[in-house]
Amino acid sequence: QVRQQASMSQDKPHDPQMYAPPTGTSRPKAPHYKRDLVGYGRYPPDPKWPGGARVAVQLVINYEEGSENCVLDGDGQSEHLLSEIVGAQPYKGVRHVNMESMYEYGSRAGFWRLFRMFTERSIPCTVYACALALERNPEAAQAMVEAGWEVASHGYRWWDYQYVDEATEKEHIKLAVEVQQKTIGQRPLGIYQGKPNENTLKLVVEEGGFLYNSDSYADDLPYWNTQYGRPILIIPYSLDNNDMRFSQALEGDRFFNYLKDAFDVLYAEGEKSPKMMSVGLHCRVIGRPGRALGLAKFLDYIKSKEKVWICRRIDICNHWYQHHKPISAKL
């Protein structure tokens, strides 16, 4: 079972000794530091996944198209990230119509290809939805709800918040919740800001309604953070099992092979030490026909295996809250 201290000073946000090792074992005392470089250590807990699953596989569709940088929305430059254009640079003060149309492909065509791929296989997923993008395509938003997908927050805009002031980011988190509630009738319970800063987690906790945050890549299992008083669950995400790394690849097999290798390692380890596997997808990337087949092959592959829990992130969250509460802190 996971142990966590009830409170920690902001100078000591992570205590590497907060996890209980198996009875009869001990862990050497580690110095306090603002970063947790120790985590679960040699003895990670048994997550006790439903059905005795060896691995929990969680697939995320990032829905960002329509919330990226664009001068039409008052931004100072065009978008330049995660597209088909090699070495793209932002255009200052003017539109980048090629970039805009590549993003539009994601919301107009790529999303629906992924929607069919998942629903035809009855595979659940989580959507990281930028609220402005969700608001601008209500048909896609309603399809997510109809499919039973979790719609988690990806912030209000698809911005890099590293140097955004705290007041603006706080307002954007508030807007993300309000706009999603208005658009689909339910607030997000999880959030992945994506490009956060050191204040982001504090603002997420202060908002009060989020059960989990995914702005971490630090582990193969969820873990608790009580840095800001109220415990919040951290469900790590992945930038390696992510189509963004293959956005310049010309075939889907590279993506499939990487995902398969990652899954096979976790599945083998899961006989004794079950873990989770996150997969990141983007409508304008994996939604292209030449890449989509690689994803389809992976979905069919994991469905053919026994003792695999394919789930939404909120399902992992609810499971952890039920079976791995922080012992001292109140939820």
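Me: Is Phe115 buried or exposed?
Reply: Phe115 is buried, with a relative accessible area of 17%, where buried means under 20% relative accessible area, exposed means over 50% and partly exposed is in between, using a 1.4 Å probe and protein chains only. This is a predicted model, in which local features need pLDDT of at least 70 and side-chain atom pairs count only at pLDDT 80 or more, while totals for chains, interfaces and linings use all residues. Residues are numbered from 1 along each chain as its sequence is written, and side-chain values use heavy atoms, with hydrogens and water left out.

Me: Which helix is Phe115 in, and what is it in contact with, leaving aside its neighbours within four places in sequence?
Reply: Phe115 is found in helix α1, helices being DSSP runs of H or I with at least four residues and strands being runs of E with at least two, numbered from the N terminus. With neighbours within four places in sequence set aside, Phe115 is in contact with Ala143, Ala147 and Trp149, contact meaning heavy atoms within 4.5 Å. The C-alpha atoms of Phe115 and Ala147 are separated by 8.5 Å, although these two residues are 32 apart along the chain.

Me: How do the axes of α1 and α7 cross?
Reply: Two packed helices are described by the angle between their axes and the distance between the axes. The axes of α1 (residues 97–120) and α7 (residues 289–303) come within 11 Å and cross at roughly 25°, which makes α1 roughly parallel to α7. The axes are lines fitted to C-alpha atoms, for helices over the stretch in contact, with angles running from 0 to 180 degrees between N-to-C directions. Angles under 35 degrees count as roughly parallel, over 145 as roughly antiparallel, 65 to 115 as roughly perpendicular, and the rest as oblique.

Me: Is the crossing of α1 and α7 left-handed or right-handed, and which residues make the contact?
Reply: The crossing of α1 and α7 is right-handed, a term used if the near helix is turned clockwise from the far one by less than a right angle, with anticlockwise giving left-handed. On the α1 side the contact is made by Tyr105, Arg113, Leu114, Met117 and Phe118, and on the α7 side by Pro289, Ala292, Leu295, Ala296 and Leu299. By class, that contact has nine nonpolar, no polar and one charged residues, with Ala, Val, Leu, Ile, Met, Phe, Trp, Tyr, Cys and Pro counted as nonpolar, Asp, Glu, Lys and Arg as charged, and the others, Gly among them, as polar.

Me: And α6 with α7, at what angle do they pack?
Reply: Helix α6 (residues 253–269) packs with α7 at an angle of about 25°, with their axes 8 Å apart, and that makes α6 roughly parallel to α7. This crossing is right-handed. The contact is made by Asp253, Phe256, Leu259, Lys260, Phe263 and Asp264 of α6 together with Gly294, Lys297, Phe298, Tyr301 and Ile302 of α7, and by class it has six nonpolar, one polar and four charged residues.

Me: What does Leu259 touch, not counting residues up to four places away?
Reply: Leu259, which lies in helix α6, touches Asn241, Met277, Val279 and Phe298 on that basis. At 0% relative accessibility, Leu259 counts as buried.

Me: Changing topic, how many salt bridges are there?
Reply: The structure holds 14 salt bridges, a salt bridge being a side-chain nitrogen of Lys or Arg within 4 Å of a carboxyl oxygen of Asp or Glu. Among them, Lys202 pairs with Glu166, the closest N and O atoms being 2.6 Å apart. Lys202 lies in helix α5 (residues 200–207) and Glu166 in helix α4 (residues 166–184), so the pair ties together parts that are 36 residues apart in sequence.

Me: Which residues are linked in a network of salt bridges?
Reply: Glu64, Glu65 and Arg284 are linked in such a network.

Me: Last one, what about the phi of Leu82 and Ser122?
Reply: Leu82 is not a glycine, yet has a positive phi of about 55°, and Ser122, also not a glycine, has a positive phi of about 55°.
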